[in-house]
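Biologist: Could we go through this complex together, starting with where the chains meet and moving on to the sheets?

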Amino acid sequence: MKYLKIIVLVVVVFASTHCSNDFLDKAPLDTINTSNYPTNEQELITLVNGVYQPLQWPKLYNLRMWTSDIMAGNSIVGAGGGSDGIETQDMSNFVTSTDNQGVLDIWRGPWPGILRANIVLSVTPGMTIGENIKKRSMGEAYFLRAHYYFILVRYFGDLPLITSPQSSDSELYPERVSKDKIYQQIISDLEKAAVLLPNKSEYSGSDVGRANKGAALGELAEVYHTLGNNWQKVVDLTTEVEGLGFALNANYSDNFNPATENSVESLFEVQYAKDGGYSFWSNENQASWTSPFMGPRGSNFVGGGYGWNQPTQEFINSYEANDSRKAVSILYAGGPTFDGKTYNATYSTTGYNVRKFLVPLSGSSSYDNSPLNFPILRFSNILLMKAEALNELGQSVQALVPLNKVRNRAGLPNVALGLSKEAFRDVVLKERRVELAFEGQRWFDLIRVDNGQYALDFLHSIGKTNASSKHLLFPIPQIERDRNPKLTQNPGY
Amino acid sequence: MIFLVTPFLMMAQDGKIKLSGKVLDETNAPLPGANVQLKNSSKSLTTDAEGKFTFSVSEANGVFIVSYVGYKSKEVRILGESFMEIKLEQEATTLNTVVVGYGQVKLKDLTGSISTVKLADLSRQPVANIGEAIQGRAAGVQVISSGQPGTNPTFRIRGTGTIGNNDPLIVVDGMPLNGGLNQVNMNDVESLQVLKDASSTAIYGARGSNGVVIITTKRGTVGKSSVTFDVSTGISEATEMLQVLNASQFAALHNEILNNAGLTPNPEFVNPSSLGIGTNWVDAFFKTGFQNNYTFSYMTGNDKSKVYTSINVFDQKGIILNTGYKRYILQFNSDTKISDNLKFGNSLKLNYDVKNSGDFNIQNALLSLPTQPIYREDGDFSGPIGQPIYSGDLDNPIGKATIVENSTKGYNIQGNIFGELTILKDFKFKTLLGAEANFWKTRTWAPSYSWDNKVSQNAYLAESSNQAITLLWDNTLTYQKKFDNGISVTGVVGTSAQENKFEYINGSIQNFPSENTQTLNNGIDQATLHGSGSEWAIFSTFARANFDYKSKYYATATVRRDGSSRFGEGNKYGTFPSGSLAWRISNEGFFKSKTINDLKMRLGYGITGNQEIGNYSFSSNYNTYLYNFNGTYVSAAVPTVLPNSNVKWESQEQFNIGVDASLFDERVKVTVDAYVKNTNDMLVPQSVPVTSGYSDIYVPYINAGKIQNKGIELVLNTKNIQKGKFLWTSDFVFSMNRNEVIDLNGDAPLITGGLGLNYNVSRIQEGYPVNVFYGFVQDGIFQTQTEINNHAVQVEGTSSSNSTSPGDVRYKDLNNDGLITDIDRTFIGNPNPDFAGSLNNTLSYGDFSFSFYLQGVYGNDIFNANRLYTEAMSITTNQSAAVLDRWTAPGTSNSIPRAVYGDPNNNNRASSRYIEDGSYLRIKNITLSYNIPVDFPGKKIFDYAKVYLSGQNLYTFTNYTGFDPEVSSNGIDNNVYPLTRTVSLGLNVGF
């Protein structure tokens, strides 16, 4: 009996002291463990999809990217008045401080995209999957990484250059390298992307909207166009894009219609879908905010209607007579009705609202479900870049061809021959201002021309006397410099 | 009563007679250090190491009183014997044996710092939860309760040790409790101990650093059968009610608010005094609460088996409209002896509870306009009519509290079965299998309503179903031996394995065609569906050894090795050692005090851990979100949080020194403890830069912080008067704790105390206590424009409606730069009390007993966030009566600013304006009880019958202007459900 007790004891003690090692291995149930992912094409594609996602955020195209038009003087914040949108008001009045919440928001937008692109670029080469998806995924990652850096370098200047995924063992506190190096990386990434990506025409169904060869080449043209030191490259690249099957839509308004998204004129746009939902703080899949934010306040034209981005009189005056784009882009007293409703100038402080992105209630019943995509690169931009580049090369006659195509589509007559280089440049810039109004392009045009002097001259001319050369770049957010003292500040802040 | 007597030899020597004897304990072992006193004289001595004594007396008659701590004193008549053996009986076990982790220790042999709470009187307090009953009763244990029915209180043992989870481990009948203390019926509890220092808690390893509360429920007693019935019924109300303005006062204020901003006042308020009193929303919102508590139990025991069963029903209606709590508990404990060496037992608790409430918002009840009636003429609830600037914009708080249905139903089972085998006489092997299952369902039904301006078009229903299952398997081998040379040894070696899995599913839907059908199937729009789960596991081995030499020298050593699924790969296992020593000075030969009966000194040091660091902090994950292309949804896998695979437990080292003494024939018992607790490797948020690509808001935690707590605890129990039928005892408890954040891994403070968008009132910063308040410093009110001009610039503008003007708050310019900016903020208060104390006096005379319990804290500050809304005077809401003293002209006030719409000077910013002294002294409980005489001639029906009247939170002395100074552990009063004053009548009957 005694021995039986001891045997039982020993068995129980043995069993209880030798719990298997698996007992203590618990992994989260609702997230994916990075150590064994991705293992196949499907899983890789979900990682690639994640690289696109920051584009959708309010930190980027859903809010901050288009508010740069306010900073560029095309419009005012408007909204509820008072301190509504104060961070954007401060930016547009050039009293931006290092703790401006809008600047911090923009800073937070691209870096997650860069991390996700780096992850894709590091895991894809080692996978045994079909060549098509492999090349396409690498191409998408290169394109998006270049795109995110392109946004950052134009707003902030010198940046840390990060080309591999970060972990807690990495150098988490890097220094800034000169923007020339950043541009070299962007160019190299876009060149690789242009080779790896398929043509837009090769996409179908739910792949339409992915990065494509035309987008990579077009963006590369944009980079050289911004740098302004190799106009021939711009001409070559835009000509190559022309050969890929893009064309202008018959109507300007087709570019901003949920029914005609990802059209023949679109090289690359941010995708939005109907039931994304609205959440100011969320980073998840979003619906578009352009309609609710730019809808006239108190008008019931659209779901939401917060009255942001009210065009100034000075901007309205830049439309030539009979420019059919005015009625598409702007809501003004005496203009065509919207969804059967008449516009009243009292809806806005300036007397005008943006019409371009508004979706009628039948398409978007409330503030949180506008499905309208946001244009990043359109074919008309390609044509205007070509025109500007040809002019800079002294070929003003050839430059008229693409320019006039854009103007004719807007119902405007051809530009006269015999303009000087400077005068022609002004014409192109003015055309860009009107054609690409409220698409977040104007600020970048202002700061690139004449090394930014063009911006200061223009801003002073519309009364923003505070604007000085330091304002051509945003300050590095103070909170980020507190975390990483190696980040130097931009001059003047 | 057993005492053995052997013949006495008279020995005459100098006229003196020598009497000798030997004192034994209940196991017939000698009891050294026992006190032998000649009754009615001051002569006394203590027994030697063999329990022997020799007394010289002048006459051969008289009485000795033999006593020892933890034992019943015995009077022994001298009957002309020369040598007596006197065997002492232990005192009632609850006070004598202390349950420590995986074992029991006699109170006299304790080497660590453990508080024992006497439960007999506590069950008469009209509280729902045993946690509330022990408030103030154990030194160093801070209990913060909320008045909301069905909530569990918060414990802080020896200060706030971490910025993470501070909850102590609660062990019930040997099993760590996963659900809350609501599952335990106070009447079922036999003993409650709080382990405070590392030498006691180290046996719980990575779960011991916040302290351990050990609860043991009643089990049967051998040779005793009884049936008991306890019933009590009580009513309650808020301890303090706030005064708000009536209709005419409000109208006058509102006119002023608008006029001062250049806006047109409400035409309906042109004659404020004609509006009279108006609606009293507060009165309609708060009601009298009720509670009923019934417990029925039976127990029996013989030398083969013991059984205890009880059933408890608790029903409470809260003091806020439509809030309530109902609870049913069934407890079943049994012990069965199969043979001399083998015993089995079980403890089982079944519990069902329901919390229900409407959508209640205390601030809205204070802010609703007195000029608006609660109901309209058609009987429906009212809402604002017309422009919000005149009629406000609040949903009718009575309406919301009435029509919305929130309920949480919980079904809990906690039980274990154990077997104990005695081997080779001195070894005991015990194995315990335990399981806890918690199931709870929540439901929110919000019907549609149309209350004038305030319309909710669609009804809304949300439901959730949750479950958590925890399994436990403990094995221990205990060795206990008392050697003849006076050394006692107890050793425990054991393993413990515990596993938990939590799962939930929830859904919601809106828009019901008929609001009579209220299930998820009937809704139409915006369906949501979520569900997930998580799990954790712990595996540990531990050992403890106790040495005791003649009850004079003690040494204890413990060590525990914990492996937890929460720790990263490199840190899966942690080791937690501790040691303590104790010295019973009063047993030493050189110790000859007559007044001090027992004096023991304790010293302990140990390392414990805190593993409440989240279940998966170490893992590296992608979250899945949706994205879309061309309108079609696709999934996206995204990294969000920078992974920290090195995360491990927080560790804490504690050093404790203590003295236990009993004096004056054990009429005075004193315990003093002093401790220093250092939390190292505290988890603090990592500073992650945005350039890493990971979120800089959802950051990982790294083990890099340090917090220190040090303090002193004092407990004094005295028997002041014990004469005949009259007894007066006092218990005094005092604790003092100082808390400081030593290191946060960088100079940047952590901003806490968030009250909404970008409004934070506290910080965690190096060199300061945890959650210290941080804000501007108010320096009175500007009386004239000249004063504004002479002071640093606050808000500039063009008129009194958009700039700093006379009547606005003046803030101190701390850096003297002429501008009031965010830099002019500093530390404005500390929510941690300087000290806490309580005093309980019990007087009893025969069958009557009266106890009076005072409890208080001192030195803590409260941020009264309710005043942000009730004293804003800047929008259209009702305000507290305090604003009747607002500034209206120079010299009218130097503390409450002017009323002006829009608050251009931001008088509402986080500043010392809202910091109040939270010190209070409370008459916490008064209980009057009477033992009904039960000795009927002939037949004895009852064993005992006691009737009592008890009042809880009867009166509070405090300068705090809010509802009640007991707010949350971070000292912020933001819509906190106030504590209640309860009076109850009860009856305890035993058969």
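Here are some questions about the interface and the strands, each with its answer.

Modeller: Before we start, this is a predicted model, in which local features need pLDDT of at least 70, side-chain atom pairs count only at pLDDT 80 or more, and totals for chains, interfaces and linings use all residues. Residues are numbered from 1 along each chain as its sequence is written, chains are lettered from A and ligands numbered from 1 in the order in which they are written, and side-chain values use heavy atoms, with hydrogens and water left out.

Biologist: What area is buried between chain A and chain B?

Modeller: Contact here means heavy atoms within 4.5 Å, and 63 residues from chain A and 65 residues from chain B take part. Buried area is the accessible area (1.4 Å probe) that two parts lose on being put together, summed over both. Carbon and sulfur atoms give 63% of the area, and the total is about 5,700 Å².

Biologist: Which side chains meet in a salt bridge at 2.8 Å, N to O?

Modeller: A salt bridge is a side-chain nitrogen of Lys or Arg within 4 Å of a carboxyl oxygen of Asp or Glu. The count between chain A and chain B is 3. The one at 2.8 Å joins A:Lys26 and B:Glu499.

Biologist: Which element gives the largest share of the side of chain A that touches chain B?

Modeller: Helices (H or I, at least four residues) and strands (E, at least two) are DSSP runs, numbered from the N terminus. Elements of chain A that each supply at least two residues to this side include α1 (2–17), β1 (32–33) and α2 (41–52). The largest share, 9 residues, comes from α1(A).

Biologist: Which strand of chain B is joined to β1(A)?

Modeller: Two strands pair if DSSP finds at least two bridges between them. Here 2 bridges make the link, and the strands run antiparallel. A:Asn33 stands opposite B:Asn621. The partner, covering residues 621–629, is β34(B).

Biologist: Why is one side of β1 of chain A left without a neighbour in the sheet?

Modeller: The open sheet has 3 strands in the order β1(A)-β34(B)-β35(B), with antiparallel pairing. β1 of chain A and β35 (632–639) of chain B stand at the edges, so one side of each has no neighbour, and the reason is that each has a single partner strand.

Biologist: What angle does α2(A) make with β35(B)?

Modeller: Axes are lines fitted to C-alpha atoms, for helices over the stretch in contact, and angles run from 0 to 180 degrees between N-to-C directions. α2(A) packs on the sheet and touches β34 and β35 of chain B. The angle between the directions of α2(A) and β35(B) is about 90°.

Biologist: Which residue in the turn between β21(B) and β22(B) has a positive phi?

Modeller: β21 (residues 305–317) and β22 (residues 324–337) of chain B run antiparallel and are joined by 13 bridges. In one of these, B:Asn312 has B:Ile329 as its partner. The two strands form a hairpin with 6 residues between them, and the residue with a phi of about 60° is B:Asn322.
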